[in-house]
Amino acid sequence: MEVMLVLKAVAALGGLGLVFGSLLEVTSRKFAVEVDPRVSLLLAVLPGANCGACGLPGCEAAAEAIASGKIPIDSCVAGGQETLEAVARVMGVEVTTLIEPFRAFIRCGGGRGKVSLRFLYDGVADCVIAEKTTHGDLACSYGCLGLGSCVKSCPFDALSIGENHLPVVNWAKCTGCGICVSICPRKIISLVPEKAQIGVACNSKDKGPVVRKICQVGCIACNACVKVCESGAITLVDNLAIIDYKKCTFCGKCIEKCPTKCIVLL
Amino acid sequence: MSELLRLFLIFLTAALVQNILLIRFIGLCPFFGVSSKVETSIGMGIAVTFVMTMASSACWLIWNYLLNPLGIGEFLYIVSFILVIASLVQFEEIVIKKISPPLYRAMGIYLPLITTNCAVLAAATEGVKPGFLKLNVAFHYSFIEAIIFSIGVALGFTLVIIIFSTIRERIELAPVPSIFKGIPITFITAALMSLAFMAFYGLFGL
């Protein structure tokens with residue numbers, strides 16, 4: 001009896017599957033749409049992470065747009081030079097430009113461990129929500145909340161929460177797509193050239209004494225790095241040292257000079 | 001009750017009194033996901049209407065002529081109905097891609113979403129087992145009644161998602177407190193709409 005039931009079930013479901021499968025097969029042949037063969041080739045060489053850094057929803061849309069010439073062949077930010085060359089091979093054109101690869105850099109060295117807290121935040125563990133509802137529990141209104149919205153957003157799995165609840169960028173995995181930059185509610189993450197070796201790990205636009213009071217590793221706008229820099233690459237903007245990577249020679253003198261050690265080796 | 005009146009009541013009950021989105025809270029993902037613009041919600045409504053009607057009639061036939069006579073319906077209906085719905089969505093996608101590329105691009109992502117849309121499965125299941133959600137299987141729909149029922153459910157879905165998207169378009173411009181911006185105010189709006197639809201409860205005696 002039970003065996004019959006099983007056989008019946010198998011026959012019924014198998015029959016249904018067969019009928020619908022063949023129906024789909026017939027319609028897909030009858031209603032076949034001609035597609036550009038390059039689209040599938042392009043789709044194979046694109047990273048496939050659907051990060052959206054090119055401005056289109058996903059790699060499939062990007063492949064179609066590249067094949068039809070709507071966007072230039074170097075549109076894939078995440079893929080870098082390698083992908084550009086592969087795309088150019090598919091499209092049959094010469095590569096003339098060189099893409100300078102970028103990497104994400106966390107401009108905060110303090111975080112939960114080194115900055116005092118205003119109160120105990122017990123809400124949803126998400127930076128965007130924490131910032132929207134309570135403006136964060138950190139005393140520093142520019143510092144990293146460390147709840148990992150960027151980690152969750154990274155399509156390439158390059159970010160992780162490390163020491164002091166600060167996110168750590170895995171430079172080997174990071175492609176510079178910029179998704180985390182747009183996710184971070186405090187705009188702490190910035191894209192720096194891959195060759196950069198020095199960065200200012202602070203985002204605070206507060207005045208020096210204010211920073212000193214709440215954080216031991218913040219930029220206090222003391223001007224020491226600006227003076228010591230021989231190539232004039234560092235400027236103070238809104239009480240914060242900014243490095244111009246076009247001028248920086250990565251000599252490292254500012255790292256030694258910085259009293260709060262907020263200029264770091266990457 | 002005359003036959004025509006009965007069909008009319010089945011239709012109204014499915015569309016308004018037992019509205020699938022606002023009264024029974026089934027199929028909420030497209031309700032919140034696709035309703036930010038009127039055009040996309042109209043597209044989604046058309047797609048759901050088509051799939052729901054086709055799927056319900058196919059499921060009714062399969063239930064009444066295959067599963068039930070064999071005595072295997074009770075444990076196999078969800079699997080086979082999902083099979084039917086998935087195939088139909090695939091079918092619809094292929095056909096629309098060929099016949100109307102603009103419509104395909106407009107609905108693009110939402111079509112595959114219907115495959116796993118619980119509203120479609122609920123409508124198909126209720127077409128063959130009326131009232132199974134309320135745990136009383138007292139009556140039985142004929143084929144025509146099942147089709148009218150599923151059209152009612154689908155049109156109720158379309159009506160509500162279009163009304164909702166027009167409200168959402170206006171809320172975009174309204175000075176909503178920053179904490180409520182986005183999804184929270186959308187949920188509150190949906191709750192108020194649901195409250196309004198409760199008023200249909202006392203209208204018809206089916």
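Buried means under 20% relative accessible area. Keep that cut-off at hand. The exercises below use a predicted model.

**Exercise 1. A residue inside chain B**

Task: Decide whether B:Phe157 counts as buried or exposed, and find which residues B:Phe157 is in contact with.

Solution. 
- Step 1: B:Phe157 sits in helix H8 of chain B, which covers residues 143-173.
- Step 2: Apply the cut-off. The relative accessibility of B:Phe157 is 0%, so the residue counts as buried.
- Step 3: List the partners. Neighbours within four places in sequence are set aside. B:Phe157 then contacts B:Ile20, B:Leu21, B:Gly27, B:Pro30, B:Met44 and B:Val48.
- Step 4: B:Phe157 and B:Ile46 are 111 residues apart along the chain, and their C-alpha atoms are separated by 9.9 Å.

**Exercise 2. The make-up of each chain**

Task: State how many helices and strands there are in chain B, and what the secondary structure of chain A comes to.

Solution. 
- Step 1: Take chain B. There are nine helices and zero strands. Read from the N terminus, the elements run α-α-α-α-α-α-α-α-α.
- Step 2: Take chain A. Its secondary structure comes to 11 helices and eight strands.
- Step 3: In chain B, 50% of the 206 residues count as buried. In chain A, buried residues make up 42% of 266.
- Step 4: Look at contacts with a separation of 6 or more. In chain B, residues 24 or more positions apart account for 74% of them. In chain A, such residues account for 58%.

**Exercise 3. The nonpolar cores**

Task: Find which residues touch the most other members of the largest nonpolar core.

Solution. 
- Step 1: Start from a general idea. In soluble globular proteins, nonpolar side chains tend to be buried together.
- Step 2: Name the residues. The largest nonpolar core has 60 residues, and B:Ile20, B:Phe31, B:Met52, B:Leu67, B:Phe81 and B:Ile114 touch the most other members.
- Step 3: Find the main supplier. H3(B) gives the most to this core, with 12 residues.
- Step 4: Follow one member. Leaving out residues up to four places away in sequence, B:Phe81 touches B:Cys59, B:Trp63, B:Leu67, B:Leu121, B:Ala124, B:Thr125 and B:Val128.
- Step 5: Look beyond this core. Another core, of 23 residues, lies apart from it; A:Cys219, A:Cys225, A:Ala241 and A:Cys258 are among its residues.

**Exercise 4. Where the chains meet**

Task: Describe the contact between chain B and chain A by its residues and its buried area.

Solution. 
- Step 1: Count the residues. Chain B gives 22 and chain A gives 16.
- Step 2: Give the area. About 1800 Å² is buried between the chains, and carbon and sulfur atoms give 86% of it.
- Step 3: Find the main contributors in chain B. B:Phe91, B:Ile94 and B:Lys98 lose the most area to chain A, together 25% of what that side buries.
- Step 4: Name the helices. Helix H3 (38-70) and helix H4 (73-99) of chain B each supply at least two residues of the side that touches chain A. H4(B) gives the most, with 14 residues.
- Step 5: Sort that side of chain B. It divides into 14 nonpolar, five polar and three charged residues.
- Step 6: Check the polar links. There are zero salt bridges between chain B and chain A. One residue pair is in polar contact across the interface.

Key:
Residues are numbered from 1 along each chain as its sequence is written. Chains are lettered from A and ligands numbered from 1 in the order in which they are written. This is a predicted model: local features need pLDDT of at least 70, side-chain atom pairs count only at pLDDT 80 or more; totals for chains, interfaces and linings use all residues. Side-chain values use heavy atoms; hydrogens and water are left out. Contact means heavy atoms within 4.5 Å. Buried area is the accessible area (1.4 Å probe) that two parts lose on being put together, summed over both. A salt bridge is a side-chain nitrogen of Lys or Arg within 4 Å of a carboxyl oxygen of Asp or Glu. A polar contact is a pair of N or O atoms within 3.5 Å; within protein, one must be able to donate a hydrogen and the other to accept it, and residues adjacent in sequence count only if both atoms are side-chain atoms. Helices (H or I, at least four residues) and strands (E, at least two) are DSSP runs, numbered from the N terminus. Ala, Val, Leu, Ile, Met, Phe, Trp, Tyr, Cys and Pro count as nonpolar, Asp, Glu, Lys and Arg as charged, and the others, Gly among them, as polar. A nonpolar core is a set of buried Ala, Val, Leu, Ile, Met, Phe, Trp, Tyr and Cys residues joined through side-chain atoms within 4.5 Å. Buried means under 20% relative accessible area, exposed over 50%, partly exposed in between (1.4 Å probe, protein chains only).
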